[in-house]
Amino acid sequence: MPSPPIAPDGQLHRTSHQVEAEAPADIVYGLLADAERWPLIFPPTVHVHRTDGHAGPGSSGGGRGTERLAIWATANGTLKHWTSRRTLDPVARRIDFRQEVPAPPLRSMGGSWTVRELGPARCRITLLHDFSVAGDRPEDVAWVLRATDTNSTAELGRLARLAARPRRLDGMLFAFADSLRIEAEGIGARGVAGGGPALDGSDHARLWPGREAVAVRPPDSGRLVFKVPEPDVPLAVHTGSWTAAADGPDALTVTVRQQVVLRPEADVPRIRQHVREDLGRGARAALTRFRDGHVLIL
């Protein structure tokens with residue numbers, strides 16, 4: 001990974017955050033390497049999409065390689081989007097990253113994740129950042145420092161807790177979908193034009209009132225992806241997406257897919273069923289509003 005770029009005025013700021021985890025170093029590294037699962041792991045991350053490259057054999061984050069990621073995440077309560085190039089080294093358990101298109105007010109941002117083994121089931125995770133901002137304005141520097149500290153602390157804490165029980169994410173994650181077929185002349189052709197429905201975060205808020213969420217529409221994906229920042233108990237994580245597909249020339253099937261992770265104390269069949277019924281009811285009501293209001297039709 002190239003050395004950090006120096007801003008024109010020479011001001012390069014650096015931060016360092018660490019945490020020790022009661023978990024094997026390889027487990028922690030694997031969670032870091034599999035960036036497309038970060039929305040289920042890291043509270044600030046809304047969506048990650050690998051746009052180029054791979055992480056070695058299987059391209060699932062377990063090998064050595066480079067990749068480019070499109071990332072949407074919140075910073076100080078504001079949704080930000082950037083592209084980042086990563087270099088993965090599983091032998092050293094190190095991941096270097098650099099933003100190719102930083103989100104304002106940043107001029108540059110990069111850093112590294114490293115995982116150091118301290119024992120068979122203990123490790124130290126270090127997250128380093130370096131950044132510069134245009135003009136090095138004190139208020140912009142303070143904003144980035146606050147966002148970096150808040151997000152890094154949240155990410156490291158969540159990572160350490162999850163890695164200590166590596167089966168928690170898979171064992172407590174469950175997904176489900178609700179769909180609605182809509183018939184209208186020519187709707188099938190119009191609904192999938194350009195790869196998906198004309199859908200954005202404001203549409204999601206109108207269709208699903210009371211379920212506060214951060215929503216993004218990744219380019220060329222044909223999806224609207226959403227994440228509830230602070231889901232209600234018993235949920236630890238709540239993410240999902242909207243998609244639309246032509247079902248003949250005069251019909252469109254719109255689907256809401258949801259993924260949830262339950263809190264450890266809530267992982268019982270009765271609560272799972274209640275969550276499925278409650279969130280499914282909300283999704284079906286949102287789909288009905290779409291049908292009745294034609295909010296998303298191009």
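Buried here means under 20% relative accessible area, exposed means over 50%, and partly exposed is what lies in between, with a 1.4 Å probe and protein chains only. At 32% relative accessibility, Gly 30 therefore counts as partly exposed.

This is a predicted model: local features need pLDDT of at least 70 and side-chain atom pairs count only at pLDDT 80 or more, while totals for chains, interfaces and linings use all residues. Residues are numbered from 1 along each chain as its sequence is written, and side-chain values use heavy atoms, with hydrogens and water left out.

**The chain overall**

The secondary structure comes to seven helices and 12 strands. Both are DSSP runs numbered from the N terminus: helices are H or I with at least four residues, strands are E with at least two. Of the 298 residues, 49% count as buried. Take the contacts (heavy atoms within 4.5 Å) with a separation of 6 or more: residues 24 or more positions apart account for 59% of them.

**Helices α1 and α3**

Two packed helices are described by the angle between their axes and the distance between the axes. The axes of α1 (residues 25-33) and α3 (residues 138-164) come within 10 Å and cross at roughly 125°. Such axes are lines fitted to C-alpha atoms, for helices over the stretch in contact, and the angles run from 0 to 180 degrees between N-to-C directions. Angles under 35 degrees count as roughly parallel, over 145 as roughly antiparallel, 65 to 115 as roughly perpendicular and the rest as oblique, and α1 and α3 are therefore oblique to each other.

On the α1 side, the contact is made by Ile 27, Val 28, Leu 31 and Leu 32, and on the α3 side by Leu 159, Leu 162 and Ala 163. By class, that gives seven nonpolar, no polar and no charged residues. For the record, Ala, Val, Leu, Ile, Met, Phe, Trp, Tyr, Cys and Pro count as nonpolar, Asp, Glu, Lys and Arg as charged, and the others, Gly among them, as polar.

Back to Gly 30, which has its place in helix α1. The C-alpha atoms of Gly 30 and Ala 163 are separated by 9.5 Å, with the two residues 133 apart along the chain.

**Aromatic pairs**

The structure holds five aromatic pairs. Rings of Phe, Tyr and Trp (its six-membered ring) pair if their centres lie within 6.5 Å; planes under 30 degrees apart count as stacked, over 60 as edge-to-face and the rest as tilted. Here are two of the pairs:

| Pair | Centres apart | Angle of planes | Class |
|---|---|---|---|
| Trp 38 and Phe 42 | 5.2 Å | 55° | tilted |
| Phe 174 and Phe 176 | 5.7 Å | 40° | tilted |

Trp 38 and Phe 42 are both buried. Phe 174 is buried too, with a relative accessible area of 13%, and Phe 176 is buried at 9%. Ring pairs also link Trp 38, Phe 42 and Trp 113 into a cluster.

**Two arginines**

Arg 93 has its place in the loop between β4 (78-89) and β5 (94-101), and at 16% relative accessibility Arg 93 counts as buried. Leaving out residues up to four places away in sequence, Arg 93 touches Ala 25, Asp 26, Tyr 29, Trp 113, Thr 114, Val 115 and Glu 117.

Arg 281 is in helix α7 (residues 269-293), and at 48% relative accessibility Arg 281 counts as partly exposed. The C-alpha atoms of Arg 281 and Asp 178 are separated by 9.0 Å, with the residues 103 apart along the chain.
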